[in-house]
Structures are given as structure tokens and as C-alpha cells.
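Let's take a walk through this model together. Have the sequence and the 3D view at hand, and follow the stops in turn.

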Amino acid sequence: MYEPYPVPELARDHKKFRYSSLWAFSKQDLRLLTFFIVIAVFIGLGTGYFWSCILCAFAVFCIIQLRSLYLVNDWISNRPYDVPPNLGGIWGALLFNVYRAQRQERIVQAEMVGLIDRAQSSLVALAEAVVLIDDNNQIEWWNPAAENLLGFQLHDRGRNILSILRQPSFIEYFNHIDESPDGLKMKSSVHEEHYVQVKMTRFGGESRLLVAYDVTRMHNLEQMRKDFVDNISHELRTPLTVLSGYIETFTDQEDINPRWKRAFDQMQSQTRRMNALVNDLLLLSRLENEKSIAKNQIIEMPSLMNQLFDDAQAYNVDYGHTLNLDIDSHCELIGSDMELASAFSNLITNAIKYTPKGGTITIGWHDDGTHGYFTVEDTGIGIDPKHLPRLTERFYRVDSARSRATGGTGLGLAIVKHVLMQHNAYLEVESKENQGSIFKAVFPKERLFHSN
Ligand code: ADP
């Protein structure tokens, strides 16, 4: 624990000694010199050695000044923290001012050290790991939790952080911290099967503050949820295929009893809905396991856009909307064609579904040099702005009855969001109730490929 220097009391009373002007602190010296000269004049006139006595008076005065100078030097060089020698005149004033400035500085220093000490003790007590990294990527300081969570040891001080936390995902995050505002979840290098969430912030130029905490429990719960949805979707697939097979056979029979016809039609539509739901859940769970997706194919956008447009026209038969295709970019996309086609098609079918008959839907692809934009604009029912932040959540619907009536699973936009995340892209939605919406998938420059 740091012990601040004891601050000695001031040797003199501030009020008695006000060395505010040169004249004020020179007065004592002048009085002394006058006193010596008067004595010298009397002795000089009495003895007849007038000038010699005056010279002696000056010499004594100089010796006194030299002694003071010696004491000042001795104090500054050897005992700067002691109470200064009690001197009068100009030297006393000098000492007083130096001592006062020094004392104030020590008070400020003691306060700062106390503050740092308090901040440090609270960081030491934190359950989260806190690490200070300097602008050369070297570790400056860490708290005990960092030893436990990240495996830092005493000899790691001054070492490059990237030589200790060597996971490629961490190196990638370290070099691009601004691109991951939520930080990084990574495997603990100390405890097997443990996960830590790491978040870094820049301060004082290029120095960084790293905060990490254990998220193993959250990770396990999330994994359990994913496994459960994945397993149940797989398990449902076989019985559903059997059921829909039989239902289809019965429905197609020509001599079917009309009393049963309606029931079989309903069974068929419900099994189709369940099939769509299971397929969407399986797709979502595949998207969450991002490693399984190849994201480096060059996708020829004109051909993909035309394919999407043809599919949209087929789906549009019952709705009778006017469909437009607007391609204004020579860029191709780099990504996974199946996943992107599925995401784009979700946006298009939504636009068709949520636009009253006879509306206009425009599907577009353009770029502005820094981003690529896939857009779907409709003149449909629009969305109240309060729903926008939650729109991409699983099973979030603005109007559940309408969504079900249109055969929606409530997973379409969640799939879109995941596919875009996998491509470092994001979804922007602009919408006005009863006027229409624009859904925009925004791709970064790295995902664009200039073909010519
Ligand atoms: P769903 O299968 O219900 O369509 P989505 O995830 O695709 O599920 O969409 C979520 C909700 O967002 C929908 O239920 C609907 O309320 C709203 N929505 C999506 N696209 C549009 C659109 N183009 N116009 C109006 N509302 C939309």
C-alpha cells in the first residue's frame, strides 16, 4: 500500500510573511545594510578610518548573504523535504516560495496517488479481467481476474499481448476493434470448455483497455437452445414427410368423399406450413453454425437478379402487382449464392405478401463505390416505426393473423439478418404505415467484385 510523503507543517505563519513584491522582501536586507553603514559611519568618523569602516560594513553584509546562499543551497541539495532554515530578507522569501510550491505539489501528488490507489483497488476487486495495453501492444498492467481468466503470469508484464492471446479470432479482433462494437467471444486458453467475452476500448491515443468476463454459462445455454431447435427440427422432418405424403395421396384421389375433401385440404395446407417452419428453422440453425457456409463465391448479380425477378413474377400471379427490376451497378457480390438468394427472395415475397393487390414492387441492385445495396421497395401496408427495432427477431410479427394467413413462418427476416451478418452486411428498413417500405441489404466494399 502506498504511503504518501508526510507533508510538514509550514515553518512560518503565512500572514506575518507576505513576500508579495520585490520591495517587500528586500526591505529587511536594506534595513540591515543601512544599520551596518550607520555603525560604520560612526566608527569611521570616530577613528578616522571612514572608508575602511564602510568597506568593512559591506564585507560583513556580503558574508551574511553568502552564508544565507550556502544554507539555501544546502537545504535544496540535501534536505529538500525538511522544514527550510529560518532566513530573513530576500533569501528567506526565496526559500518560502520554493517550499510553498513544493508543498502544494506534494499535496496534489498525494491526492492523485490516493485516487489512483482507490481506482486500482476497485479494479483489483473486480470479477472481470481488466488489462491495460500500451501503444506498442505491450501489457502494462492487469488485475488478478485476468490471471484467472486469460492466464497472465508475472513475467508477462511488458510482453506483446498478441504473443499471449494467439487465437486467430483475437488477432483479427485486435486489429479491427472498431468493426466489432460488441467485442469477441472466444475459447478460454486457461480452462477447457470455457468461453470469455472480450471487449477492447482505445484510450489516450493508441493505448487500449481490455475487459473480459466468463460467458461459459450463457454460451452453454445458447448452445442447448440451438441443439434443441436443431434436433427437434430434424426429428419432425421424417414424420412430416410421411404425413404430407399420405395426405397428398388422399387429396389427389378423385373418388374422395366430399365430406373429407375439406379436411384433407386443410391438413395439406397445415403440413405445408409445418414443413416451411421446419425448413426455416433448419436453415437458421445452419446459418448460426457459420463455418458450414462457403462465403467466397462470385455471384453474377444480373443473372441472380433476373432469376429472382422471374420467381417473383411467378409468385405474383395471385396478387397482380406491377414488378420492376432496376440494376444500376456493374459490381458482382462475393458470398454464398444459395444463402443470399434465399435472403433476397424472403424480402421479395414479403413485399408481395404485405402489399394490397395492384401495388408496385421494385427490386434493385446498385452501388455507390463504398457499399453495395440490394433493395426491395413496395407500396404496401408499411410498418409502424415502433416495430422496426424488433422486426428481425424470430417469430416477431407486426400482425400475427395476417402473417399466418399469408403462410408466413415469422422467421423470414431472422434468416435475412443472419445471412447478411455472415456477409458482413446489414439490413436497413424505411417504412411508412399505409404507404410502403424499403428493405435495403447493405454490403461493404470488401464484398463487391468489379467484373470489368
Ligand atoms: P413472416 O413470415 O411473418 O412474413 P418475417 O420475418 O418475414 O415473417 O417478417 C416479420 C414481420 O415483418 C411480418 O410478420 C410483417 O408483419 C413484417 N413485414 C415484413 N416485410 C414487410 C413488408 N414488406 N411490409 C410490411 N410488413 C412487413
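**Starting at a buried histidine**

Histidine 423 sits in the loop that joins H11 to strand S11 (426–432); helices (H or I, at least four residues) and strands (E, at least two) are DSSP runs, numbered from the N terminus. A word on the ground rules: this is a predicted model, in which local features need pLDDT of at least 70 and side-chain atom pairs count only at pLDDT 80 or more, while totals for chains, interfaces and linings use all residues. Residues are numbered from 1 along each chain as its sequence is written, and side-chain values use heavy atoms, with hydrogens and water left out.

Is histidine 423 buried or exposed? Histidine 423 counts as buried because its relative accessible area is 0%, where buried means under 20% relative accessible area, exposed over 50% and partly exposed in between (1.4 Å probe, protein chains only). Not counting residues up to four places away in sequence, histidine 423 touches Lys295, Ile334, Gly335, Ser336, Leu340, Phe443, Pro444 and Arg447; contact means heavy atoms within 4.5 Å.

With 66% relative accessibility, asparagine 434 counts as exposed.

Leu340, one of the contacts of histidine 423, leads us to helix H9, where Leu340 is among the buried residues. Others on that buried list include Glu339, Phe344, Asn350 and Lys353.

To find pockets, a 1 Å grid is laid over the protein atoms alone, and a pocket is an open set of points where a 1.4 Å probe fits, with protein on both sides within 12 Å along at least five of seven lines; lining residues have an atom within 4 Å of a point. Of its 41 lining residues, Asn350, Lys353, Tyr354, Ser403 and Gly408 lie nearest its centre. Helix H7 (258–288), H9, H10, helix H11 (412–422) and strand S12 (436–444) each supply at least two lining residues.

Now find histidine 387, in the loop between strand S10 (371–378) and helix H10 (400–405). Histidine 387 is buried because its relative accessibility is 14%, and it touches Tyr396 and Val398, residues up to four places away in sequence not being counted.

Finally, look at phenylalanine 250 in helix H6 (residues 216–252). With 37% relative accessibility, phenylalanine 250 counts as partly exposed. Leaving aside neighbours within four places in sequence, phenylalanine 250 is in contact with Ile256 and Phe264. The C-alpha atoms of phenylalanine 250 and leucine 391 are separated by 39 Å.
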